[in-house]
Amino acid sequence: MGSEKKKSPNKKKLPLNPNWAQLQQKLKIHGSKFPRPSTDSGTEPFNPILGKRKERREIESDDSKLNILAPMNDDFSLTDVVAMDCEMVGVGQGNKSALGRVTLVNKWGNVLYDEFVRPVERVADFRTQISGIRPQDLKKAKDFQVAQKKVAELIHGRILVGHALRNDLKALLLSHPKNDMRDTSEYQPFLKERHRKALRHLAAEFLGVNIQSGEHCPIEDARTAMLLYQNNRKEWEKSAKDQMRLKQKQKKRKPKKKIKDRDALENNHGSTPP
């Protein structure tokens, strides 16, 4: 009985505060979602913080891709493997190539030598759009013979890495043992249906980096060639050794064949009546 006394009669609903009533009406009109800023007014749409962080991570990942060409350490020693890249200018009528800049890096990607080179002949075309070389760069450039001598010293007795090395060596008027050359334009796994690929295509396909989008940088190109080699060094060296062995076998077989042919010829002459 006492509990019944405690029960209070139903309270009457109090009228809503006018401010709350107005807000409730707005929510009914727009639904449960807040209105978005109009793009027509020139204001940018709202981007959540998480989205910004995601965008930042994507930018950082792009930077990390570019950084794979950066040197692995600060070791500037002359290593057993070096990579070289050259940039050319036009001499004569402009259609003849001559050395304008030469760069060498060690196996870590650190620069061993990087010099502009003054050609012996007058420069008719600096080819700046590709070479990146300008007239002022050659004013205090090294004489060709000086650069040539230095490069010869650096590559002597070492494995030389590069892309289309024949062109670079031709411009330097130098030679290098075929067995000690690792050319990314000739390595079998890098070829497409026996056709050579440009260095920028190899960089994009095998390293995931974009190079040579404008003026070429020989440091970047040399580092790219070196990284392509280092990533495939084990298989590449095995292939190079196999080719050397095959050539040695072929050389050994040829003299024997010549001796047999000579003996057969002598026997034929001996059996011929006088």
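In the predicted model, strands β6 and β7 pair in the parallel sense, and three bridges connect them. Within this pairing, Leu 160 has Met 181 of β7 as its bridge partner. One of the residues involved is Ala 83, whose bridge partner in β6 is Val 161.

The side chains of a regular strand alternate between the two faces of the sheet. In strand β6, which covers residues 159-162, Ile 159 and Val 161 point one way, whereas Leu 160 and Gly 162 point the other way, and all of these residues are buried.

Helix α7, formed by residues 199-207, has four named residues in its buried set, namely Leu 199, Leu 202, Ala 203 and Leu 207. These residues lie on the same side of α7, because the arc that they cover around the axis is only 100°. The partner against which the buried residues of α7 pack is helix α8, residues 218-231. Just after α7, the chain reaches Gly 208, which takes a positive phi of about 70°.

Aromatic rings were examined next. A pair of such rings is described by the distance of the centres and the angle of the planes. Five aromatic pairs are found when the whole structure is searched. One of them consists of Phe 190 and Phe 206, whose ring centres are 4.8 Å apart and whose planes meet at 50°, so the pair is tilted. Because Phe 190 belongs to the loop between β7 (residues 181-183) and α7, while Phe 206 belongs to helix α7 itself, the pair ties together parts that are 16 residues apart in sequence.

The two partners are described by separate accessibility values. Phe 190 has a relative accessible area of 1% and is therefore buried, the cut-off for this class being under 20%. Phe 206, with a relative accessibility of 36%, counts as partly exposed, because that class lies between the buried limit and the exposed limit of over 50%. Both residues also belong to a cluster in which ring pairs link Phe 190 and Phe 206 with Tyr 187, Tyr 229 and Trp 236.

Notes: Residues are numbered from 1 along each chain as its sequence is written. This is a predicted model: local features need pLDDT of at least 70, side-chain atom pairs count only at pLDDT 80 or more; totals for chains, interfaces and linings use all residues. Side-chain values use heavy atoms; hydrogens and water are left out. Buried means under 20% relative accessible area, exposed over 50%, partly exposed in between (1.4 Å probe, protein chains only). Helices (H or I, at least four residues) and strands (E, at least two) are DSSP runs, numbered from the N terminus. The arc is that of the directions from the helix axis to the C-beta atoms. Contact means heavy atoms within 4.5 Å. Rings of Phe, Tyr and Trp (its six-membered ring) pair if their centres lie within 6.5 Å; planes under 30 degrees apart count as stacked, over 60 as edge-to-face and the rest as tilted. Two strands pair if DSSP finds at least two bridges between them.
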